[in-house]
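Please have a look at the model first.

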Amino acid sequence: MKYSMALVIVVECIRPSDLDILEHIHVKLFPIRYESAFFQDVVNGRDIVSWGAVDASRPDDQSDELIGFVTARIVLAKESEIVDMLGYDSSKSDQTLVYILTLGVVESYRNHGIASSLIREVIKYASSIPTCRAVYLHVISYNNPAIFLYKKMSFKCIRRLQGFYLINGQQYDSYLFLYYVNGGRSPCSPLELLAAIVSYMRSGFKSVAAKLCKSEDRKISRWSMCKESHSLVSGSHNKRNLSVERVGYECV
């Protein structure tokens, strides 16, 4: 059944009283089974942050019942699987990420922007942490609606992981999605690559020009002594410049 009436969706932190419905929705939506300890950690905020969506337009006895949720946790950037997708400061001990653990909306409330609202809460939370550089998550390869949603919200699909999920004895691939916050960035953006190329060309041109000027000085002072010898010396300097003055820049 789809709800056609005007919805009044409220997003708020998940509470201990949400335990039963939270576990029920997870079981109904996901093929992966989560241990009871996971749900206890969620509702009590033990190393996990979470938000739930409720429909305040429902009858009073249902107005605070979860219809959607998102759970996430903070992880150290240097210990994550996406450390190679962050900028040079990712090796600092205080750099963090927010990893989305689960996201779901009950079927009758889908296509009302609830999932987007929940994701925005995570992004807002991550942006409020000065050390956080990105939000990331995994999506099973056949979940096309979720893939479309994350792309629509400007998440970047950075890689495909073969056999990431094992469900009922069968392996499924996963897509890894990433959303940068607080100045977080890829270590090799097109702009950085262009800047590096320009810097390399400028340094190369300047060095070659300097060598040529020095060679001209030598040419004036030594021309009468050894014209042929000077030509050989000038050529060797130019070749050495081209091989030594390179700017090291590696794109991952």
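Is arginine 46 buried, partly exposed or exposed? In this model, which is a predicted one, arginine 46 has a relative accessible area of 42%, and it is therefore partly exposed. Its salt-bridge partner is aspartate 41, and the closest N and O atoms of the two are 3.0 Å apart. Aspartate 41 counts as partly exposed as well, because its relative accessibility is 22%, and buried would mean under 20%.

As a general point, side chains of opposite charge can pair when their charged atoms come close. The structure holds six salt bridges, and another of them joins glutamate 121 to lysine 124, with 3.6 Å from N to O. Both of these residues belong to helix H3, which covers residues 114-127, and they sit three residues apart, about one turn of the helix. Glutamate 121 counts as buried, because its relative accessibility is 19%, whereas lysine 124 is exposed, with a relative accessible area of 53%. Elsewhere, salt bridges with shared partners link Glu12, Arg15 and Asp18 into one network, and within it the side chains of glutamate 12 and arginine 15 meet at 3.8 Å, N to O.

Asp60, Asp61, Asp64 and Glu65 gather on the surface in a patch of negative charge. Aspartate 60 is found in the loop between strand E2 (49-55) and strand E3 (66-76), and at 72% relative accessibility it counts as exposed.

Key. Residues numbered from 1 in each chain as written. Predicted model: local features only at pLDDT ≥ 70, side-chain atom pairs only at ≥ 80, totals over all residues. Heavy atoms only, no water. Patch = residues over 30% accessible without salt bridge, like charges linked within 9 Å, V, L, I, M, F, W, Y side chains within 5 Å. Areas by Shrake-Rupley, 256 points an atom, 1.4 Å probe, with all protein chains shown as cover. Salt bridge = Lys/Arg side-chain N within 4 Å of Asp/Glu carboxyl O. Lys, Arg positive; Asp, Glu negative; His and termini not counted. Charge placed at Lys NZ, Arg CZ, Asp CG, Glu CD. Helix = DSSP H or I, 4+ residues; strand = E, 2+ residues; numbered from the N terminus. Buried < 20%, exposed > 50% of the residue type's maximum accessible area, 1.4 Å probe, protein only.
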